Amino acid sequence: MSDSVISFANVSRFYGEVLGINNVNLAIPAGITSLVGPNGSGKTTLMNLMTGLIRPTQGEIKVLGVSPDDPERLGKLVGYCAQFDACPKGLTGYQFIYWFLRMHGYTPAECDRKTATALERVSMTPAAQRPVGAYSKGMRQRIKLAQSIAHDPQVLVLDEPLNGLDPMARAETIALFREWGASGRHVIVSSHILHEVDQISDQVILLSQGYVVAEGEIKGVRDEVKEQPMQILVRCNDPGGLAARLFQQDHMVEAKITRDRKGLLLRTSDADSFYLLLNNVILEKGLDVESVAPADDDVNSVYQYLIGGEGAAV
Amino acid sequence: MAVYKKTYRPYEGELTASWSRFLVIPRYAFEELHGKRFLTFFFLASFIYPLICALIIYVQHNTSALSLLGVQQGARNLISINVTFFMSLLGWQSVMALFLAAFIGPGLVSPDLANNALSLYLARPFSRAEYVIGKMSVLAILMSLMTWVPGLLCFGLQGYLEGWQWMRDNWRLASGTFFGAWVWILVLALLAMALSAWVKWKPAAGGLMFGVFFVASAFGGLINVVQRTHWGNLFNISNLIGLVWVQLFEGSNQTTNGAVFFRATQGEQLPMWTTWAALGLLAYICLYMLRRKIRGAEVVR
């Protein structure tokens, strides 16, 4: 397996008789990868496995070619931000980052420098000398984020990192993720906030009841969900005429004209045939098309189709 | 798939030796303990007895000091600097170490478990063994300063004043102090850590430290009475330590039965191997308890 991906080969993890994850095969490339799934779907288990905090019951994991059984090498590669508040009692924000940096083996001067940089990145410098216990929820979230990025890791594993952040901090944090992803790092994020996942992710891994339901780019995943008709929004000057023409086709499932009567929201089981037909209609009728855009190739829709309600795949 | 230019460069500067990383834990812990006045006072107070011992050794060898105190030359042997002297020093200091372990021990692991901090330690270049060694070293360093360090300093002072020949003749006092103290330190540190990992309420964990000694000893006594045997002594940890000390200090030529809190019951000695086996079993149980609790992620079934 390549040294540039995080790989899971037939990995299962059971907690006694309770299934954590089952038979997972993944190769996570650089960029931002979001783990999406309901509570208990195995997101945290997957993260704990790739940070070496738990061992798989079976299968093999490699993080950029390094086994999680080798904490000396893995710890240098990985930065982990846990879902729950996790900080030894009584530490100030500065000490929290500084002491954990010392465990990486940096010199005191280097630890000072890296601590200051990490605090600055999450805008926590003014509160650095206050005890973590006295921080607000959002500040604790940011200080956790700071300790996970302080040693400048190549792989960032962030469990619900946007929880508790105000909109400003959220936007800043998302910008940080983008910057890290763009620099060739692996940023693994778990989140329940699907529209944010949509904004930041290069690829998603959808989990349900311990199984990987889908993985890859959102659009690619959506294209694979053939049993759910594709929703497409066409804005044009004659949506009624277009609808009448489209309903002659077998693959058309539904069509709705928007309230402003300048758009047609349609559902089709064969998107390729639809696009071909649309080209013909434009040529035949001289239709003036303003825009054509898929309306359900986002994480929210894919989540609904694969995991939520009747469309559950597992 | 997005294609990015890889600009990330990992740190390539100097790092401290990996074997020394566990020392980060005691370094931080000492800073925290230094802020607790009672502990600082208790720690300093624990050096009173070794200072008195050093004074006795000094006065024993200083004729002008003896005459100043009005002590006749022949009376200097009232307090002999012998195996009993050094074993008593170790005994008193070890009792102090027990109190120290009861004060500090419960606060070692339980706060990390209560605050979900183990995942932070173990998601670094830091193994579970290093975490346990780091936490244990907090107790080991402090208890060393209270037990074998003053013991060896007193031995050195006596040897310096009495001469090289005395040191050669009494080398067992030094080795007995050193190894005897370490047996006690390891037992105490492991017990304190294991209890700290399992009992999250600090006062209860501290009380349990004493409970393990007294309840186990009472249980052992009960076995002795009911079964009319001596094997119940294996449950009496202070008795086991006393036996180990006597062996380490005197070898096969035994003239004492331990010191202070650590006395082996006269005429009820068990084979030495059983003593070592019982202490080994206690250490194993503590390590097993730690193994169950010191995990990066708590497994809730």
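A residue is called buried here if 20 or more other C-beta atoms lie within 10 Å of its own. The model shown in these views is predicted.

**View 1. Helix α1 of chain B and what covers it.** Helix α1 of chain B spans residues 24-34. Its buried residues are B:V24, B:I25, B:P26, B:Y28 and B:A29. The cover over these buried residues comes from both chains: it includes α3 of chain A together with α8 (128-146) of chain B.

**View 2. The contact between chain A and chain B.** Chain A brings 41 residues to the contact, and chain B brings 34 residues. On the side of chain A that touches chain B, the elements giving two or more residues are α2 (71-77), β5 (78-81) and α3 (93-102) of chain A. Of these, α2(A) gives the most, with four residues. Sorted by class, this side of chain A has 19 nonpolar, twelve polar and ten charged residues.

**View 3. The largest nonpolar core.** This core has 152 residues. The residues with the most contacts inside it are A:L206, B:A101, B:L188 and B:M193. Helix α11 of chain B, residues 171-198, gives the most to the core, with 14 residues. Around B:A101, leaving out residues up to four places away in sequence, the residues touched are B:L139, B:M143, B:L188, B:A192 and B:M209. A second core is separate and has ten residues, among them A:I232, A:V234, A:M252 and A:L266.

**View 4. Helix α5 of chain A.** The helix runs over residues 137-149, which makes 13 residues. From its first C-alpha to its last it reaches 19 Å, close to the 18 Å expected at 1.5 Å a residue. α5(A) is mostly covered, as ten of its 13 residues are buried. The buried residues are A:M139, A:Q141, A:R142, A:I143, A:K144, A:L145, A:A146, A:Q147, A:S148 and A:I149. Elements of chain A that cover them include β5, α3, α4 (108-121), β6 (155-159) and α6 (167-182).

**View 5. B:Y288 in helix α14 of chain B.** Helix α14 of chain B covers residues 272-293, and B:Y288 has its place there. Is B:Y288 buried or exposed? B:Y288 is exposed, because 11 other C-beta atoms lie within 10 Å and a residue with 12 or fewer counts as exposed. B:Y288 and B:Y8 are 280 residues apart in sequence. In space, the two lie 42 Å apart, C-alpha to C-alpha.

Key. Residues numbered from 1 in each chain as written. Chains lettered and ligands numbered in written order. Predicted model: local features only at pLDDT ≥ 70, side-chain atom pairs only at ≥ 80, totals over all residues. Contact = placed C-beta atoms within 7 Å. Nonpolar A, V, L, I, M, F, W, Y, C, P; charged D, E, K, R; others polar. Core = buried A, V, L, I, M, F, W, Y, C linked by C-beta atoms within 7 Å. Expected span 1.5 Å × (residues − 1).
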